[in-house]
Amino acid sequence: MADAWKPYVDNIIASKHFRFAALIGSQTVNNEVVRSVWAQSDGFNLTPEEGIEIAQAATQPDKTTFVLGQRPDPENPAEDDGSTEDKYFVVRRNPDVGGIGIVFGKFKQAGAILATTRTVVLIGIYKTGVQPGDASMSLTRIADYLYNNNY
């Protein structure tokens with residue numbers, strides 16, 4: 001399944017707003033929602049546990065943080081503080097506007113944007129210096145496409 005979803009991740013990265021991107025999909029199995037990483041950008045190496053935590057931050061209003069293992073920025077090695085994880089704080093939620101939910105997360109000068117559709121959480125980790133509004137527009141275009149195609 002990952003091969004079919006990789007072009008969406010590639011399009012997120014091609015926007016030049018994001019360092020890393022991924023799609024977390026969900027499906028119902030035996031009346032339980034099961035989430036898994038459907039595709040991710042090169043170098044992201046999102047673990048299943050991180051994917052579940054991000055999906056929870058995107059879909060549960062009481063979840064105010066999510067943690068990713070640290071991924072050094074090759075463009076800015078000075079940002080590497082030696083820690084093993086990056087804790088993102090949810091700073092804003094735009095709940096379900098036109099079927100798409102948007103969550104903004106912040107870590108130092110960089111951040112994350114999570115967009116939720118019926119069955120997919122799109123993740124974009126943006127670079128230092130990127131305007132969250134600009135990054136959000138490029139991510140939500142892809143989320144809108146997926147939503148309009150029943151995902």
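How many bridges pair strand S1 (residues 18–29) with S2 in the antiparallel sense? Strands S1 and S2 share 8 bridges, and one of the residue pairs is Gly25 with its bridge partner Ser36 in S2. Here two strands pair if DSSP finds at least two bridges between them, while helices (H or I, at least four residues) and strands (E, at least two) are DSSP runs, numbered from the N terminus.

A word on the model: it is predicted, so local features need pLDDT of at least 70 and side-chain atom pairs count only at pLDDT 80 or more, whereas totals for chains, interfaces and linings use all residues. Residues are numbered from 1 along each chain as its sequence is written, and side-chain values use heavy atoms, leaving out hydrogens and water.

**The sheet and its helices**

The 7 strands form an open sheet with antiparallel pairing, in the order S2-S1-S7-S6-S5-S4-S3. Strands S2 (32–40) and S3 (65–69) stand at the edges with a single partner strand each, so one side of each has no neighbour in the sheet. From one strand to the next, the twist averages 25°. Axes are lines fitted to C-alpha atoms, for helices over the stretch in contact, and angles run from 0 to 180 degrees between N-to-C directions. Contact means heavy atoms within 4.5 Å.

| Helix | Strands touched or crossed | Angle |
|---|---|---|
| H2 (residues 48–59) | S1, S2, S3, S4, S5, S6 and S7 | about 155° with S3 |

Buried means under 20% relative accessible area, exposed over 50%, and partly exposed in between (1.4 Å probe, protein chains only). Leaving aside neighbours within four places in sequence, Ser138 is in contact with Ser15, His17 and Phe18.

**The nonpolar cores**

A nonpolar core is a set of buried Ala, Val, Leu, Ile, Met, Phe, Trp, Tyr and Cys residues joined through side-chain atoms within 4.5 Å. The largest has 22 residues, of which Ile12, Phe18, Leu23, Ile113, Ala115, Leu122 and Leu139 touch the most other members. Helix H3 gives this core its largest share, 5 residues. Beyond four places in sequence, the contacts of Ile113 include Phe18, Leu122 and Leu139. A second, separate core of 20 residues includes Phe20, Leu68, Val103 and Val121.
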